[in-house]
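Here is a short report on one protein chain. Look at the sequence and the model first, then read on.

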Amino acid sequence: QVRLVESGGGSVQAGGSLTLSCAVTGYPINGFCAAWFRQTPGQRREGVAGLDQEGRTVYSDSVRGRFTASQDNAKNDLLLRMDRLQPDDTAVYYCAAFVAGFCTTPWDDEHEYVYWGQGTQVTVSS
């Protein structure tokens with residue numbers, strides 16, 4: 001079955017960078033729609049980046065210009081590069097996916113996604 005396993009989280013100073021990886025098994029990443037979400041205690045999951053089967057991306061207003069989502073097709077991984085991190089970026093980050101012939105909006109609705117990674121903590125200090 002499809003599994004998503006995340007890694008790459010950690011603690012950084014404001015202005016620093018991290019790259020998260022989402023290793024996908026059980027399905028090729030060019031066969032589904034994917035997204036990155038984040039969540040803090042007491043809040044709903046917030047979509048930060050979406051990817052279609054060909055790696056085309058869309059971003060939330062809060063991260064656009066700072067975060068870059070991409071595909072590593074050779075490894076069947078999804079990547080999220082996070083630059084110029086801010087304390088407000090502190091959250092647990094999740095990758096998510098669903099199988100579809102094409103990806104539709106709203107991409108940032110968590111209920112659209114069937115498969116989820118376990119989450120990885122990102123902490124940004126001031």
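Buried means under 20% relative accessible area, exposed means over 50%, and partly exposed lies in between (1.4 Å probe, protein chains only). The model is predicted: local features need pLDDT of at least 70, side-chain atom pairs count only at pLDDT 80 or more, and totals for chains, interfaces and linings use all residues. Residues are numbered from 1 along each chain as its sequence is written, and side-chain values use heavy atoms, with hydrogens and water left out.

**The chain as a whole**

The protein chain has zero helices and eleven strands. Helices (H or I, at least four residues) and strands (E, at least two) are DSSP runs, numbered from the N terminus. Of the 126 residues, 43% count as buried. The C-alpha atoms fill a box of roughly 40 × 30 × 25 Å, taken along the principal axes. A compact globule with 126 residues would have a radius of gyration near 14 Å; the protein chain has 13 Å, which agrees. That radius is taken over C-alpha atoms, and the globule rule is 2.2 Å times the number of residues to the power 0.38.

Contacts reach across the sequence. Among those between residues at least 6 apart, 60% join residues at least 24 apart. Contact means heavy atoms within 4.5 Å.

**Strand β1**

Strand β1 covers residues 3–7. Its covered face holds Leu4 and Glu6. Its uncovered face holds Arg3, Val5 and Ser7. In a regular strand the side chains alternate between the two faces of the sheet. Strand β1 pairs with β3 (residues 18–25), where leucine 4 stands opposite valine 24.

**Strand β9 and its partners**

How many of the nine residues of β9 are buried? Seven are, so to speak of β9 (residues 91–99) is to speak of a mostly covered strand. β4, β10 and β11 each pair with β9. Two strands pair if DSSP finds at least two bridges between them. The table lists pairings in this model.

| Strands | Bridges | Sense | Facing residues |
|---|---|---|---|
| β1 and β3 | five bridges | antiparallel | leucine 4 and valine 24 |
| β4 (residues 32–39) and β9 | eight bridges | antiparallel | phenylalanine 32 and valine 99 |
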